[in-house]
Amino acid sequence: MKQNIRLIDIFGTDLFSRAKARELNAKIIHNANEVALDFYGINFMSRSFTDELFNIIDANGDKTFNFLNCNETTKAMLKSVSEGREHERKLGLPHPKMYKFENQKQLVDFLIAQ
Amino acid sequence: MQPARIHIPNVREDERIGSSFNHLIRVVEETIHAQSKVIWDFKDVHFLHPFFLAPLAIFKCQSEKEIRCENISLPMQSYLNNIFFDRTLHFENAAKETAEMVMEQYAEKSYVPLCSFSMTDANKDAFGAIVRDIIVRQTKSTKISTPISYFLGELIDNIYEHSESPNGYLFSQFLEHEGCIDLCIADTGITIFRSYEKAGLFQAEIGQDESEALRMANEGRSTKNRPGAESRGYGISTSKRMLVEGLGGSFFMISGGAFHRYEKNSLNYYAEVKDFFHWNGTLILLRIPINTPDNFNYINYLE
């Protein structure tokens, strides 16, 4: 059985939170073997929503999921999150300085000097 | 007992995040340690930097101390009333259409008033989108729409997922002369340090060092990762990279007894201040330039 879910009808144009993505799980029909997620009209999808979406897909491993009508940013988000879940993250951030101030004067002197 | 009179400084729009924070610490500390009721004296105030004003308002809202504001000039009083300094504009289970209607009036202003929104509210996603649209209309800069969506989406979701705060707070001020938006997102929850402590994660690295907990969160070490893969924890780190490296903006975060500052001019540090200061929750300040660099592409910052 095929199921088509138009995300805009459930969530509106912007997909921000993990909690919203979790709501999607309840919308998936138990005996569907193919689920099309239709992104028509979706303006923005956050990384958190996308990651949770993949958790739902993983939890429904007996079904095939297809993505329809993705705009450029949605497509890019799906791709980067999907890839990011497959390997360990390389942080690669510049090493920051760590300070400890014991009183307000030390902090004030530090902030003024900057 | 006479009320304690605390001087509120004039914090100009051209002051940097560090000096606004400096003023804030003094006022908060003097207020907390006052033995009696408190009067905040605004006699010298003609302007209040958004990064001083928003945390001050949030502090006042949650303070158990009786705080009275005095000697406020008429224009300043009018501004404080307009931004809901004394009480916040609260959204609780508001329908999307209602929230849109309430917020519509701010499309013609330069600010989004100090809003509080319930973390149990099913419409908090819609609220983020409404605020984004208002900011885009205020600044007439459609290019910042997607980065702002990213910042609001991830940072509000972090409050919901990690802070245990009943409410989130948001304030924004468009500074036309500076060509930027000052955006404040905050909660009054358990702090980042406590969140790691409660999850029992990274305790060997963090110990009792709150600045180390901030560094962990900023480097994307989530308390809720999947076994075998790091799929979470990107919200803060990607927002920061996009803001500072991509847009040339500034990032500031304080949580409990530590703060973090990251700016384009190679300022990148964490500081522990718990011996003399504690912020009840987590507060994030973003300075977002509205003129995006020509080579900025949102997609390049996704990871």
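Select the contact between the two chains: 44 residues of chain B meet 37 residues of chain A, where two residues are in contact if their C-beta atoms, placed from the backbone, lie within 7 Å. This is a predicted model, in which local features need pLDDT of at least 70 and side-chain atom pairs count only at pLDDT 80 or more, while totals for chains, interfaces and linings use all residues. Residues are numbered from 1 along each chain as its sequence is written, with chains lettered from A and ligands numbered from 1 in the order in which they are written.

On the chain B side, colour α1, α5 (124-139), α6 (145-163), α9 (210-218), α10 (234-246) and β10 (268-272), the elements that give two or more residues to this contact. Helices (H or I, at least four residues) and strands (E, at least two) are DSSP runs, numbered from the N terminus. The largest share, nine residues, comes from α6(B). By type, the chain B side divides into 17 nonpolar, 13 polar and 14 charged residues; Ala, Val, Leu, Ile, Met, Phe, Trp, Tyr, Cys and Pro count as nonpolar, Asp, Glu, Lys and Arg as charged, and the others, Gly among them, as polar.

Next, show β6 (residues 97-100) of chain A beside β10(B): the strands run parallel and are joined by four bridges. Strands pair if DSSP finds at least two bridges between them. A:Lys100 stands opposite B:Glu272.

Return to chain B and colour domain 1 (1-84) and domain 2 (88-301), bounds that come from an automatic or database domain assignment. Their C-alpha centres lie 22 Å apart. At the boundary, 16 residues of domain 1 are in contact with 21 residues of domain 2. On the domain 1 side, α2(B) gives the largest share, eight residues. That side holds 11 nonpolar, three polar and two charged residues.

Finally, select β2 (residues 38-41) and β3 (residues 67-70) of chain B, a parallel pair with four bridges. B:Asp41 stands opposite B:Glu70.
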